[in-house]
Amino acid sequence: EGVYDSFNKFDNLEYSGIWFITIVMATKGMSAALVAGVISALSTYAVQSMTHINPIRGSMSAATLRSSVFNRSPEASAILDHNSTGRSKILVIQMQGHLFFGNVALFTDRIKELLAEKQGSSDCPWIVIMDFTLVMGLDSSAAHSIGKLKQTLHQMFRIKTVFVTGSSNGFPCEYALTKELKSSVENVEPSFDQKDRSTSDESTVLLPPAANFGSRNNPDGRVFDCLDSALRFCEGTLIAWKDPTIVNNGEIKFVDVASSISNAGEWSLADEQKIAVGYLANLCQGEESDDDMKMLFSFFDREVYFESDVLWKQGDKSNCTKLLIRGNLLSLLENEAGSTEPIQSGNLIGELGLLLDTRRTSTVRCFSEEAILYSLSRESWEHLTTSNPKIARFVDMIVCRYLSHRVQHASNRIFETQCLPI
């Protein structure tokens, strides 16, 4: 009766398993039927995993994706936005489900086919990001195949491959796949907690300490915990390939005047102000003149914070916006599952709350021994809007650029566990 009632309620494979268990139970007894049930369940799971779950969730060009890095120089931004040298040369491939011996061949063959289709076309990638964030498990045979895939893709297509584990614990397998994929140099970007907390200038994207980013003829691998870190590295690599002068000691320069000062500890007040004006110009990237930026900066006041100092708490009233000149800050969401965002020099924070008069959406605290900021208070902002609307409009432009950047961030376009909380 149970077999009859379940007709058309399961697919053919599952219904065949029910008949298999029924027949074994009728002929061999209940104990044998339990063993048959285990065998049927495992077989059904394996076949359905191969049949119904495509190991590749999807792929897309990074042309419309953005990492969390915002305050690049106009020269670096122009390289990334160009069709022949920019983000369109990055291809993001996202995997899903379980990768095992039954579907790893489909997985590798599909990637090769995808890259072969793009060869010779204008969207032929130079860098491929393989994102394993949604992969729940890897067996040893799949892990070994992925380890060999990096070299195979380089030999066939002359591309560099970047891998995303999706977790600080590495790939979901026992095999040391991260070690296998890494090159001879240190490739895993340190977490923000592990980065230097010194008061030296942090106006650069922190990248691996190697003096160069490697040529396209070098198949060295890179492994990152999240897609945002991988995008940051790939964007820096594209910039370095196109214009090595923008790269200084393995880091991407944002403001030339900041990198021209050899010892950040010896910055004078005039140096700070000159760098701050440069940061504002980077954030605007419009029709601004040097005099416009100096006029805007004249409304800011200098502030100094020390490690663990809280700039504001989530829910506080927004009464200012601050420009970070030196040091590191950390933004965190209260009562959340550890959502944080590091804030590096050259960033303007709290600008949306100032304009819309909303409460703070996150807590911000100092994460370095010392942090130097310049603050635009609500009183100064209101005076600026009435006395010089043209200059005030640059703050509006910065807000629009920030919002546009976050809308295009990878977390809003491709599913991942990281987000931008501020």
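Biologist: Why is R302 called partly exposed?

Modeller: R302 has a relative accessible area of 41%. Buried means under 20% relative accessible area and exposed means over 50%, with partly exposed in between (1.4 Å probe, protein chains only). The value for R302 is 41%, so this residue counts as partly exposed.

Biologist: Good to know! What should I keep in mind about the model itself?

Modeller: It is a predicted model, where local features need pLDDT of at least 70 and side-chain atom pairs count only at pLDDT 80 or more, while totals for chains, interfaces and linings use all residues. Residues are numbered from 1 along each chain as its sequence is written, and side-chain values use heavy atoms, with hydrogens and water left out.

Biologist: What makes E272 and R302 a salt bridge?

Modeller: A salt bridge needs a side-chain nitrogen of Lys or Arg within 4 Å of a carboxyl oxygen of Asp or Glu. The closest N and O atoms of E272 and R302 are 2.8 Å apart, so the pair qualifies. This pair links distant parts of the chain, 30 residues apart: E272 sits in helix 10 (residues 269-284) and R302 in strand 8 (residues 301-306). Helices (H or I, at least four residues) and strands (E, at least two) are DSSP runs, numbered from the N terminus.

Biologist: And is E272 buried or exposed?

Modeller: E272 has a relative accessible area of 3%, so it is buried.

Biologist: How do you know that D292 and K390 meet in a salt bridge?

Modeller: Their N to O distance is 3.9 Å, which falls within the cut-off, so the pair counts. D292 lies in helix 11 (residues 290-297) and K390 in helix 14 (residues 389-407), so parts 98 residues apart in sequence are tied together. D292 is buried at 10% relative accessibility, whereas K390 is exposed at 53%.

Biologist: Which residues do salt bridges with shared partners join into one network?

Modeller: Those are D81, R87 and E235.

Biologist: How many salt bridges does the structure hold?

Modeller: There are nine salt bridges.

Biologist: And how many disulfides does the rule give?

Modeller: The count is zero, where a disulfide would be a pair of cysteine sulfur atoms within 2.5 Å. As for individual cysteines, C173 is buried at 18% relative accessible area, and C320 is buried at 7%.
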